[in-house]
Amino acid sequence: MSATKFDMVIQGGGPVGLACAAWCLQKFPQAKIVLLDRNPADDADLAAADSRGIALSHGSKLLLDTINAWPTECADIHRVHVSQAGRFGRALMTREELGQDALGHIVRYRDIHLTLRKALRAIQTKSSNFIWEHIDGQADTSNIQAQCVVHAEGGLFKTQDWVESGRDYEQSALVGLVEVENAAPHQAWERFTSEGPLAVLPSHYGPNILNLVWCGTPSSSQARLALSDAEFLKSLQDEFGSRIGQFLKIQDRRLYELGLNYRKEITQGNEVWIGNAAQTLHPVAGQGLNLGLRDAYLLAEKLSALFSKPDDQKTPLAIENTLQDYAQSRKLDRSATIGLTDFMARIFTSNLLPIVIGRGLALSALQWLPPIKTALARQMMFGRR
């Protein structure tokens, strides 16, 4: 790449980086943007990649629809049943209570990734100043000059090259696809066990093939990973119970370590961090990618408005002020989502009797006090605005 001065460089070609580029170009097609993507250029190389189910809120669907980036293969959630294993307290949330088409959606990671790549290519045809550079770890990017640097590298907990604030939950998530005997369509289940949350979620494969997310201690999770299929299914049945009949098959078991990383300051000079580059969350509330997409959308609004102005108004001070304004506008949503997720990750793994009783009371309160349940559900679906 010859030396060129860009409005912005976006580092990271995962869903958040792709979405940020797409929204910037949609709002200002003449923007001079370079996207540095460590993924291969050929979609076929990603077709067999990460197949874990990712929770996307209805708010994220509305955002992605604006750039025609909603995957065709997804599973809608109409009802969520939350309970404690072996303890009192349960809550049921339904789409009818909130007057929404769905409470959320489950999409394979690779599907959202590939759909966003396709959407960005479509937008790229009208954006002659946009460069999509596929790079490897040794690529020389020193000749890229950009007025604004957007970090969207993402990554998973313990694979990231930064740790600023947060905690290690000393948990791992075992994910896979499980076939069950008698699942209700569009139903999600979350059971809080003595080791952490156990979620059984819809998939686009059909009502009886569900996404499994089973959180536990690293040693327990590793032991479960090593079990035969029959032993694993028996262990899962014992922990979850018989609400959806027998667990019949399990496939594609994998482990992910869980923790919280978050940057206290998400801007510095002309640099800004979004998505997992700004915060990595526990999956208990399914908020990680949703928060990242809200980051990307609002940042695109701020930056496209700035870079569409005459050159003499795009000063370093104007860029720094714009990023500080972005950070301030994200403060409430970030702190609420990080705080809620961290609270749930910790409170639902404690086995102290007062906390166990408190959890049961809290779940009962959700069920019998609709305003509280509605407020919580809307935070999950749309974030704090």
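Two strands are taken to pair if DSSP finds at least two bridges between them. Strands (E, at least two residues) and helices (H or I, at least four) are DSSP runs, numbered from the N terminus. The model is predicted: local features need pLDDT of at least 70, side-chain atom pairs count only at pLDDT 80 or more, and totals for chains, interfaces and linings use all residues. Residues are numbered from 1 along each chain as its sequence is written, and side-chain values use heavy atoms, with hydrogens and water left out.

Strand β11 (residues 187-192) and β12 form a hairpin. Four residues lie between the two strands. In the turn, Gly-196 has a positive phi of about 145°. The pairing of β11 with β12 is antiparallel and spans four bridges. Phe-192 stands opposite Pro-197 of β12.

Strand β12 (residues 197-201) also pairs with β13 (residues 209-216). These two strands run antiparallel and are joined by four bridges. Here Leu-198 has Trp-214 of β13 as its bridge partner.

Five of the five residues of β12 are buried, so the strand is largely enclosed by the rest of the structure. In a regular strand, side chains alternate between the two faces of the sheet. Pro-197, Ala-199 and Leu-201 point one way from β12, whereas Leu-198 and Val-200 point the other way.

Elsewhere, Thr-280 lies in strand β17 (residues 279-280). Thr-280 counts as buried, at 4% relative accessibility. The Thr-280 side chain reaches the backbone oxygen of Asn-276 at 3.3 Å.

Technical notes. Buried means under 20% relative accessible area, exposed over 50%, partly exposed in between (1.4 Å probe, protein chains only). A polar contact is a pair of N or O atoms within 3.5 Å; within protein, one must be able to donate a hydrogen and the other to accept it, and residues adjacent in sequence count only if both atoms are side-chain atoms.
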